[in-house]
Amino acid sequence: MLSARAKALRPSLTLAIAAKAKQLKAEGRDICSLSAGEPDFETPAFIRAAAAAALEAGHTRYGPAAGEPALRQAIAAKLSGENLVPTKVDQVLVTNGGKQALYNLFQVLLEPGDSLLLPAPYWLSYPDMARLAGASVTTIPCGADQGFHLDAAALEAAITPASKLLVLNSPGNPTGAVLSRQELENIAAVLRRHPQLAVVCDEIYEYLVAPGHQHHSLAALAPDLADRIFIVGGCAKGWAMTGWRIGWLAGNSAVVAAAIALQSQSTSNVCSFAQYGALAAVQGPRDCVREMAARFDLRREQLCQGLLKLPGVSLQPPEGAFYAFPDLSAYGLDSMTLCNRLLDQVGLAVVPGVAFGEDRCIRLSCAAATEAIDDGLERLRGFLASL
Ligand SMILES: Cc1ncc(COP(=O)(O)O)c(C=O)c1O
């Protein structure tokens, strides 16, 4: 009964592992989960209050598919002022999380015969979204030996006439790699030589950058390429708003108009009163974002220091986001076996690197309480010692 498209689709492994860990916990098992890709902080109070007020004020009806005009305006102002990417309202679409922004963009840009260029390791939803749009996926290896950074020469070597869209995810999930200004400029130089290639910059972790590193938007460094650079962002990670489902797509207005049309025929507008919470977030001061980011800096450091003490574990320290992606291949197990055994034997939930295109690694999240991070490290140490 299923379409070929649906048959080829794999459910998100990260969501599945988080759900399995929750279920085991509910059954009374002693589980430590470092699998989640979501901040454990509560959404800041002023944002919750703004959404509650909007609910009371009657923002409970259908709105424009593209998003509430005030929120689109605020996102355009944020991109223009904070990211230095001049953006007009008609270049912005409010989506159900960054995920739907990516989904919509892939649907309106990609078709059979096209190829998505994907630096690996990669966030696991990109390949499936591209295949759903009928495109193939070409990965560009960016291993730990190169700090998980995309090398411009490797990018250029991977480009073929079929290459339609490149994904840049900085700060990156699962590696935490943050592309420097120089690296982005080198990538822009390659793009100038290949006018058929568009780029989507997934900047969902833009606020979570380790000390000594800085987030740059490619579109700010290469304004001449603005017509084919798309930005995906959202409130989930920076403002601790994962469940609100607020994201955005920004870029070329003709492409954004197609994405709006697609959304108008699929999900319509994002929850109206949630958009007013997001409006308060995007327009508000960044103090809360900076405070949470500083806490993540400490936890990232705690996680990395702990991992570096474990024998047989090599780690390319993350430069942002809230994950560590250590290489445990010295133990001779594939990442799926390793993660299944960690969950079964010591109750530690982490994500196998194979889901991100790197079977030597596992992903641990530091979006957890410091006690949970210590607990997880201790479980991992005990498990590895038993091998
Ligand atoms: C790299 C990356 N992009 C996009 C998303 C989607 O985020 P959202 O919750 O806004 O849909 C995630 C979520 O984990 C992510 O890690």
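1. A residue is taken as buried if 20 or more other C-beta atoms lie within 10 Å of its own, and as exposed if 12 or fewer do. The points below use that cut-off, and they concern a predicted model.

2. Helix H10 covers residues 253–264. At 1.5 Å a residue, its 12 residues should span 16 Å, and the end C-alpha atoms are 16 Å apart, which agrees.

3. Which residues of H10 are buried? They are Val255, Val256, Ala259, Ile260 and Gln263. These residues cover an arc of only 145° around the axis, which puts them on the same side of H10.

4. Two cis peptide bonds deserve a check by eye. One joins serine 170 and proline 171, with omega about -10°; proline 171 sits in the loop between strand E5 (163–169) and helix H8 (181–192). The other runs from asparagine 173 to proline 174, with omega near 15°, and proline 174 also lies in the loop between E5 and H8. For context, most peptide bonds are trans, and most residues other than glycine have a negative phi.

5. Arginine 245 is not a glycine, yet its phi is positive, at about 60°. This arginine is placed in the loop between strand E7 (229–234) and E8. Is arginine 245 buried or exposed? It counts as buried because it has 20 C-beta neighbours inside 10 Å.

6. Serine 268 likewise has a positive phi of about 60° without being a glycine. Its loop connects H10 and helix H11 (272–283). With 12 other C-beta atoms within 10 Å, serine 268 is exposed.

7. In the contact between the domains, 34 residues of domain 1 meet 34 residues of domain 2. On the side of domain 1 that touches domain 2, the elements giving two or more residues are helices H1 (4–8), H2 (13–26) and H12 (287–308). H12 gives the most, with 6 residues. By type, the residues on this side of domain 1 comprise 16 nonpolar, 8 polar and 10 charged.

Definitions and conventions: Residues are numbered from 1 along each chain as its sequence is written. This is a predicted model: local features need pLDDT of at least 70, side-chain atom pairs count only at pLDDT 80 or more; totals for chains, interfaces and linings use all residues. Helices (H or I, at least four residues) and strands (E, at least two) are DSSP runs, numbered from the N terminus. The expected span of a helix is 1.5 Å times one less than its number of residues. The arc is that of the directions from the helix axis to the C-beta atoms. Two residues are in contact if their C-beta atoms, placed from the backbone, lie within 7 Å. Ala, Val, Leu, Ile, Met, Phe, Trp, Tyr, Cys and Pro count as nonpolar, Asp, Glu, Lys and Arg as charged, and the others, Gly among them, as polar.
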